[in-house]
Each structure stands twice: as structure tokens, then as C-alpha cells.
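Open the model in your viewer and keep the selection panel at hand. The stops below say what to pick next and what is there.

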Amino acid sequence: MDIAALIHAELTKCRVTLAASLPDDWVAPLIRRVDADPAITHVRVARESETIGICTGAFLAGTNSVAIMGTTGLHCTVGEMMAINLRHGIPLFIICSLRGTPEDYQIYQEQQGRRTFPMLNAYDIPYVILEKPDDIPRIPDVYNHCRLQKRPYLLFLSRRLLKAGQVQ
Amino acid sequence: MNMEIREVMSVLKQHRGDAIVVCALGTASSQWWNATRCEETLYMTGGMGFSASIALGIALSIPEAPVWEINCDGSLCMNLGGLLTEAQQAPKNLKHFVIDNEVYQTLDRPMPMVNQHHSDYAGIARAAGMRNAITINRVEDFKQKMQEIAAAPEHYFTVLKVEPMRDYPPVPPYDYEGHEMKYRFARNLEKKWGRQVFGPRGY
């Protein structure tokens with residue numbers, strides 16, 4: 001089962017034609033899928049905050065977009081999301097690895113696991129966690145909900161979901 | 001002696017044509033509004049450093065539209081890594097201007113920019129891979145070069161050296177912001193460039 005391919009197919013249903021990304025190893029397979037899609041303009045960035053501006057510009061120009069990053073990068077983007085998206089009511093769809101959970105053995109993700117949800121709750125930024133492959137078809141509804149909410153919206157990819165992709 | 005910012009804005013105004021404009025917060029936004037009252041412009045009040053990323057997203061989304069980024073040196077320095085991203089994409093329809101007055105102008109009393117007098121932003125841009133990255137100090141040169149920049153079928157990065165202002169306004173002069181800024185700007189893009197930004201129910 002190719003989880004990245006399934007997510008990519010749902011992004012296509014959402015008519016996403018622009019992606020801005022900076023990889024961590026969990027979202028790298030999805031970024032490679034997006035990069036190989038000629039229907040999607042893929043912008044590699046130097047810092048995750050750039051994805052906030054690029055996807056905001058895409059929205060203002062009528063283009064459906066997605067930002068893809070890891071949890072550590074998400075923490076770098078908060079000031080921009082507050083000053084640009086929350087302030088102006090601009091939707092921003094972000095796919096992010098959910099690091100720092102009990103299934104994540106990396107010591108350097110420990111703080112991300114403790115701080116991410118409190119941070120999002122403090123900024124009133126909604127999120128959905130994909131836990132298993134059967135959750136992936138929810139993506140178009142989540143994308144639409146992001147538009148309705150007119151704010152940043154996180155779609156987290158859990159380790160459990162990504163591990164399911166390794167079981168044939 | 002560098003240029004006066006009013007001279008710079010006057011020259012830009014003369015050549016804008018149909019360009020969609022994104023202005024960094026502070027001097028760029030305030031002075032472009034004062035010169036033009038243009039509503040096909042996104043005036044930033046926050047997100048320092050990332051107006052250029054917004055302009056890049058617009059330029060990639062509407063390749064048939066000329067898109068101008070009017071940046072400032074302070075904002076550019078907040079996101080210098082963005083020059084790599086912009087150089088990699090180098091959209092032909094994007095012209096990036098940097099108002100370089102070497103100070104943080106919006107304070108009650110301006111303070112020096114980091115590395116004041118020693119930063120060569122066009123040099124940094126060229127090193128990042130931008131083919132057309134230049135610095136202009138004199139208004140006569142700017143008037144002469146601007147026609148070429150505006151008409152060029154390729155990406156341009158232009159640093160405009162200006163003197164700090166002595167009568168900088170304490171608050172942004174434009175009389176709308178926030179959600180209204182989003183709607184006015186994007187509705188103008190919908191009308192002029194035939195894009196659908198908002199659905200039938202306004203979101």
C-alpha cells in the first residue's frame with residue numbers, strides 16, 4: 001500500500017495545483033509524489049515559513065494549494081500564520097508529520113510531541129489526524145473545511161498511518 | 001546622495017500598468033498607498049519578510065499577469081533564504097523591488113539596519129542565482145532603466161537605494177485592513193484576471 005500515492009490522489013480531487021514544501025523523513029515520500037506530478041507546481045523552500053506566504057499568494061490568486069512540512073518546521077511558521085492568515089481570514093491547508101508521539105523513537109522530537117497541540121489550541125488552529133489508511137478519503141472534506149474555517153488547518157500524518165504503508 | 005522615496009514611488013507608479021502589487025509592511029506599503037491609492041495592491045501590516053513569498057505564490061498562479069513585489073531592506077533580511085526559493089522558480093512575470101534606506105524606518109527614531117552600509121543585496125541575489133539583479137542609486141538611472149525592467153520577459157530583482165525619510169507617518173495611512181484587505185485585493189484579481197478566488201457563498 002502506497003500511502004503517499006493515496007494522499008496524492010486525494011489532493012488531486014481537491015484540485016490542488018500548487019505545493020510548497022520542506023521535507024522531514026516522514027513526509028518525504030509524499031513530497032516526491034507531488035514533485036513528480038506535472039499538474040502541480042512544486043516550490044521547494046528554504047524555511048517552512050515561506051510556505052505560508054506562497055500558499056497565501058496562491059489562495060489570493062484563486063489557486064488551490066498545500067503546504068507540506070514536518071512538525072519542527074510547523075513550529076517555525078506560527079508568527080506568519082498569525083500575522084497573515086489569522087489576521088486576514090485566509091485559509092491555508094498544511095500536511096504535516098505528527099512527530100513526538102509514543103511511536104516516534106527520536107529524542108529530538110520529544111518537545112514537538114509535548115508542545116504541538118497546546119500551541120495549535122492557543123492559536124485556535126484546527127487539525128485532523130489521519131491514523132489509518134481508511135481515513136485518507138476524508139481529505140477532500142478536510143480541505144473544504146479549511147476553506148470554510150478561513151484559517152490555517154493542519155492535516156497530521158501519524159506514524160501508525162505511515163507504518164500501515166509498509167505492510168504489504 | 002541616494003534617491004528620495006517619493007521619486008522612486010513616482011517612477012514605479014508611471015510604469016505599473018496592470019501589475020498586481022504586493023507591498024512589504026512599513027515604508028513600502030505606506031509610500032505606495034500615498035503615491036497611488038491602488039487597490040490592486042496587497043498592503044502588509046505584519047508577516048515581516050514574507051510579502052515576497054506571497055508575491056511569488058501569486059506570480060506562479062497567474063503567469064499571464066505582471067506581479068510586482070515592493071519590498072524593503074528590513075523585510076528582505078527577515079527572509080533572505082527566500083531569495084533561493086525565488087531564484088529557483090524565477091517566474092518571468094515577477095519583478096522584485098527592494099527599497100533600501102539602510103534603517104528601520106518605522107520607529108519613532110529610525111535605527112540602523114543590521115550590517116548597515118555593508119550589505120549588497122543585489123550581490124546576494126546574484127549569488128543565489130538570479131540573473132537580473134541590479135542596484136540603482138540615481139533617479140535618472142531609474143527612470144531610464146524602469147521601462148526595460150517593466151517590459152522584460154524575465155524575472156528581475158532591483159535594489160533601489162533611497163534616503164531615510166524625516167516625516168514618516170506614525171501609522172499606516174490606508175483606511176482598510178484585515179479581512180477587508182483580503183476581499184478588496186482578491187475581488188480585484190477576480191475581475192481583472194478572471195480567476196475565481198471565492199465561491200458563490202463568499203469563502
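Select helix α5 of chain A, residues 78–88. Its buried residues are Glu80(A), Met81(A), Ile84(A), Asn85(A), Leu86(A) and His88(A). This is a predicted model. What covers those buried residues? Show α3 (49–60), β4 (92–97) and β6 (152–157) of chain A, which are part of the cover. Step just past the end of the helix to Gly89(A), where phi is positive, about 70 degrees.

**Chain A as a whole**

Color chain A by secondary structure. There are eight helices and six strands. From the N terminus the elements read α-β-α-β-α-β-α-α-β-α-β-α-β-α. The radius of gyration is 15 Å, close to the 15 Å of the globule rule for 168 residues, so chain A is as compact as a globular protein of that length. Its C-alpha atoms fill a box of roughly 40 × 35 × 30 Å along the principal axes. Buried residues account for 48% of the 168 in chain A. Among contacts in chain A with a separation of 6 or more, 78% link residues 24 or more positions apart.

Now pick Tyr108(A), in the loop between β4 and α6 (110–122) of chain A. Is Tyr108(A) buried or exposed? Tyr108(A) is exposed, because it has 10 other C-beta atoms within 10 Å and a residue with 12 or fewer counts as exposed. Run a distance from Tyr108(A) to Asn64(A): 33 Å, C-alpha to C-alpha, for a sequence separation of 44 residues.

**Across to chain B**

Display both chains and select the contact between them. Chain A puts in 30 residues and chain B 31 residues. On the side of chain A that touches chain B, β2 (41–44), α3, α5 and α7 (139–149) of chain A each give two or more residues. Which of these elements gives the most? Highlight α3(A), with ten residues.

**The nonpolar core**

Nonpolar side chains in soluble globular proteins tend to be buried together. Select the largest nonpolar core here, which has 106 residues. The residues with the most contacts inside this core are Ile94(A), Val8(B), Cys23(B), Ile58(B), Ile99(B) and Leu160(B). Helix α3 of chain B, residues 51–61, is the top contributor, with seven residues.

Zoom in on Ile94(A). Leaving out residues up to four places away in sequence, Ile94(A) touches Ala67(A), Met69(A), Pro152(A), Tyr153(A), Leu154(A) and Leu155(A).

**Chain B and its sheet**

The box around its C-alpha atoms is roughly 50 × 35 × 30 Å along the principal axes. In chain B, 43% of the 203 residues count as buried. Of the contacts in chain B between residues at least 6 apart in sequence, 73% join residues at least 24 apart.

Next, the sheet. Six strands of chain B form an open sheet in the order β2-β1-β3-β4-β8-β7, with parallel pairing. The twist from one strand to the next averages 15 degrees.

Select β3 (67–72) and β4 (94–100) of chain B: six bridges join these parallel strands. Cys72(B) has Ile99(B) as its bridge partner in β4(B). Ile99(B) is also among the core residues with the most contacts.

Move to β7 (133–136) and β8 (156–161) of chain B, a parallel pair with four bridges. Helix α7 of chain B, residues 139–151, carries the chain from β7(B) to β8(B) in a right-handed β-α-β crossover. Find Ile136(B): its bridge partner in β8(B) is Leu160(B). Leu160(B) is another of the core residues named above.

**Last stop: a loop with positive phi**

Most residues other than glycine have a negative phi. Select the loop between β6 (111–112) and α6 (121–128) of chain B, where Asn115(B) sits. Phi of Asn115(B) is positive, near 60 degrees. His117(B) lies in the loop between β6 and α6 of chain B too, and its phi is near 75 degrees. Asn115(B) is exposed, with 9 other C-beta atoms within 10 Å. His117(B) is exposed, with 7.

Technical notes. Residues numbered from 1 in each chain as written. Chains lettered and ligands numbered in written order. Predicted model: local features only at pLDDT ≥ 70, side-chain atom pairs only at ≥ 80, totals over all residues. Buried ≥ 20, exposed ≤ 12 C-beta atoms within 10 Å, placed from the backbone. Contact = placed C-beta atoms within 7 Å. Core = buried A, V, L, I, M, F, W, Y, C linked by C-beta atoms within 7 Å. Pairing = 2+ DSSP bridges. Right-handed = clockwise from strand over helix to strand, strands pointing away. Axes fitted to C-alpha atoms, helices over the stretch in contact; angles between N-to-C directions. Rg over C-alpha atoms; globule rule 2.2 N^0.38 Å.
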